[in-house]
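Let me put the model up and we'll walk through it together.

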Amino acid sequence: MSWETWIIATLSRSIVYGTPLLLGTLGEIYAERSGVLNLGVEGMMIMGAYFAFTTAYITGNPWLGILMGAVVGGAFSLIHAFTSVTLKANQVVSGLSLTMLGLGLSGVLGRGWEGKPLPASLPKITVSSLSKIPFLGPILFEGQNLIVYLTILLVPLLWYILYRTRIGITIRSVGESPATADSLGINVDRVRYICVFLGGILAGVAGGYLSVAYRPAWTEGMTAGTGWIVIALTIFAFWNPAYGMLGAYLFAALYHLSYRLQPWVSPELLKAMPYIFAILVLILVSRGTLQKRMGAPAALALPYTRGEE
Amino acid sequence: MKRRVGFNVERIPIASGRLVFFVSLLAILAAFVVAGIFFQIYGVSPIKAYQLILRGSLGSRFGIAETVRRTIPLLLCGVGLTIAFRALFWNIGAEGQLLMGAVAAAGVALFSGLPVPLLLPAMFIGGFIGGAAWGLIPAILKVMLGLNDVITTLMMNYIAIYFIEWLIHGPWKGPTARGFAYTDTFPRSAWLPTIYGTRIHWPTLVLGLVLAVIMYLMVTRTRSGFEIRVIGENPNAARFAGISQLKTALLVMLISGGFAGLAGVGEVAGIHQRLLGPTNISMGYGYTAIIVAWLARRNPLAVIVTSLLFGAIMTGGDVIKVSLGLPFQLINVFNGLILFFLIGSEILLRYRISFLLRR
C-alpha cells in the first residue's frame, strides 16, 4: 500500500467513525450552551442504537431505524430535562442515572437480539464525478452514507444559528445569565427543554448510526464509552460547533492511527487508547479551560429558579 | 363566585432528618413501583417477584451471606465516595480504583514472596496505594490543569479494565491456568479468612465498618473534615478562608480511591483468590456505590445501611435470574430508577408545598 492510499484510507475511516462523535458533540454543545450539563449521552446513545437496530431489523428499512433512534433519544433526554430543569435536581447525578438507566434498559430489552444480521444497512453513496478529485475525492465521495454528509452540513447550520441568529443569542443568554434572560421575557425553562431535546435527538441518531451503519449489529453495551468521549469533545470544542467538528474527526483519526501500532502493542492495550486520548485531548486544551474556563457557559449545570441567585 | 385551587411554595432552610428519611423511602418505593412494570411486561407478577427477591436476599442463611458479601465492596467504595462528593469532587471512577487495588493486591500475593504474617497486610497496603494512585491522577489533573473530574475518573475506569485484560492475557497469565485468562491461584497465605460456609471475608467487612465510623468522625469533628465541607458547600468562602484546593482534592481522592482499592483487595483475596477478568472481579460495585453514597446523603455512617440495601438488591438480581429466568440487567434499570427518584425527590426537601383553596 502506498503512502497516499494509506492516508486516504485512514482519513476516510476517520470520517466514518467521527460522524457519531460529531453528532453527539453537536447535540451536547447545544444542551450545555443553554446551561444544562447532560451526562446521559451514553445512555441516550445506546437507547437510540437499540431501538434503531430493532426497528431497522423488523421493517427492513434502515432509515426508519435512524428515525426511531432520533425519537427514542429525544424522548429519553426529556427525563433529564424534567429532573434538571423542572425539578432543579443535581445535573451531574441526573445525567449519570440516565446513563445507568439506558445501559440497563437496553441490556434487558436487547437480550435475544445479539448476533442477528441486519437485512439492509444504509446505502453507500459514491458520487462518481466528484470521487475523481485527487485526494479529497476518495475520502469524501466514495462509499460514505448520507448521514455522514448531513452531519457535515449540520455543522455550519448549527454554528450559524448559535452565533448569528436571535435564536442563538437566546440560547446563549440562557446559558450565560438565566436571570437576565428571564427579565427580558425569555422562557428559560422552555429554551433549556428544547436544547436538551435536540441533544437527545442527535445522540439518538448517533446511536442509530452505530448500530445500523457503522457496525450493523446489536451488542450489549456497544456504545462502549462513545457518549463519554462526546462529553470530553464538547469541552475540547470550547462549546463551538466548528471546533466540535475538528475535535471529532481528529479524535477518530487518532483512534484509527493507534491501530497501526498493532504489530508492536497488544490488542488489549490498544483498546484502552481512545480513553487515554480523551484525557490527552483535554490536557491539550487545558490552558484554555484553566483560564476562566474559556468558552464554558457561565450558568452550566446550575439550576435556575426565579428570584434565587 | 370563582374558586381557584392554588398552591403555595415555601423554602425550607434545613430539612429535618425525619423528612429526609421519609422522602428517601418514598423515592425507593416509587422506583420499586415503576420497576414492577418491567416484571409485568415479562409476565411475572411484581408482588411475587419482590417476595422472591426478599426471600432470596434476606430470607435464608445463604441469601443473607450473599447479601453481606456484596455489601462489603459497596460499603468501602461508598464510604470513600461520600468524602469525595462532600468536596464536590465527582469521582465516578471507584470501579477503576477498585480494579487497580485488586491488581496491586494480586501483584503482592503472587510475586512479593513475603512471609505469612506480613503478606495479607502488605496486600491491603498495596491495594490502598493502587486505588489511591488511580484516584490521585484525576485529582492532580483537575486542580493543576482544570480537567473535568467526571470525565477523567470515568476514562480511568476503562483504562483500568483494559490494563487488567492485558495483564491476564499477557505477562501475568498463570502457567497453571490451562489457557484461561487469569493468573495463578494465590498462595494459601494470601487468602482472606471467611465466615464458615459463606463467602463473607470478615476482615474486610470489619475494616469497612471501622472506616465508616472513622470517616464520620473525620467529617464532623476535624479540621480537614470542616475544610472538605466548606469547599463542597461554598467554594468562594473556601477560597477566602485560604483553604487549599489542591490539598483537599488530593485528600478526598486519596481516601476515596484508597478505600475503593481496599474493596478490590477484598474481592480478589476473599472471593476469587486470583486476578481474573475485570467484569468477574467487580459487577459494577464502583458504579452502584455512587447511588449508595448519594442515598446515604453523603453521610459515611448511613452508608452502612444503604450499602446493605444495595447488597440485597444485587443478590435479588441473582434470584430473578435463577428462579424467574429474567435478565440480571434488570438490577441496573432498578438502580438507575432509584437514583432518578432520589434526586427528583430532593425538591421535596427544599420546598414545602401546601395546597390551598382560594375563593
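So, how far apart do the C-alpha centres of domain 1 and domain 2 of chain B lie? They lie 31 Å apart. Domain 1 of chain B is made of 1-44 + 328-359, and domain 2 is 67-325; those bounds come from an automatic or database domain assignment.

Quick housekeeping: this is a predicted model, so local features need pLDDT of at least 70, side-chain atom pairs count only at pLDDT 80 or more, and totals for chains, interfaces and linings use all residues. Residues are numbered from 1 along each chain as its sequence is written, chains are lettered from A and ligands numbered from 1 in the order in which they are written.

Back to those two domains. Eleven residues of domain 1 of chain B are in contact with eleven residues of domain 2 of chain B, where contact is C-beta atoms, placed from the backbone, within 7 Å. On the domain 1 side, α1 (17-41) and α14 of chain B are the elements giving two or more residues. The largest share, seven residues, comes from α14(B). Helices here are DSSP runs of H or I, at least four residues, strands are runs of E, at least two, and both are numbered from the N terminus. By class, that domain 1 side has nine nonpolar, two polar and no charged residues. Nonpolar covers Ala, Val, Leu, Ile, Met, Phe, Trp, Tyr, Cys and Pro; charged is Asp, Glu, Lys and Arg; the others, Gly among them, are polar.

Now between chains. 36 residues of chain B are in contact with 39 residues of chain A. On the chain B side, α6 (149-169), α12 (285-295) and α14 (330-344) each supply at least two residues, and α6(B) gives the most, with twelve. That side of chain B divides into 24 nonpolar, ten polar and two charged.

Over to chain A, then. Its secondary structure comes to 14 helices and two strands. Of its 309 residues, 50% count as buried, meaning 20 or more other C-beta atoms, placed from the backbone, within 10 Å of a residue's own.

Is A:Thr25 buried or exposed? A:Thr25 counts as buried, because it has 34 C-beta neighbours inside 10 Å. Leaving aside neighbours within four places in sequence, its contacts include A:Val230, A:Leu233 and A:Gly247.

Methods:
Buried ≥ 20, exposed ≤ 12 C-beta atoms within 10 Å, placed from the backbone.
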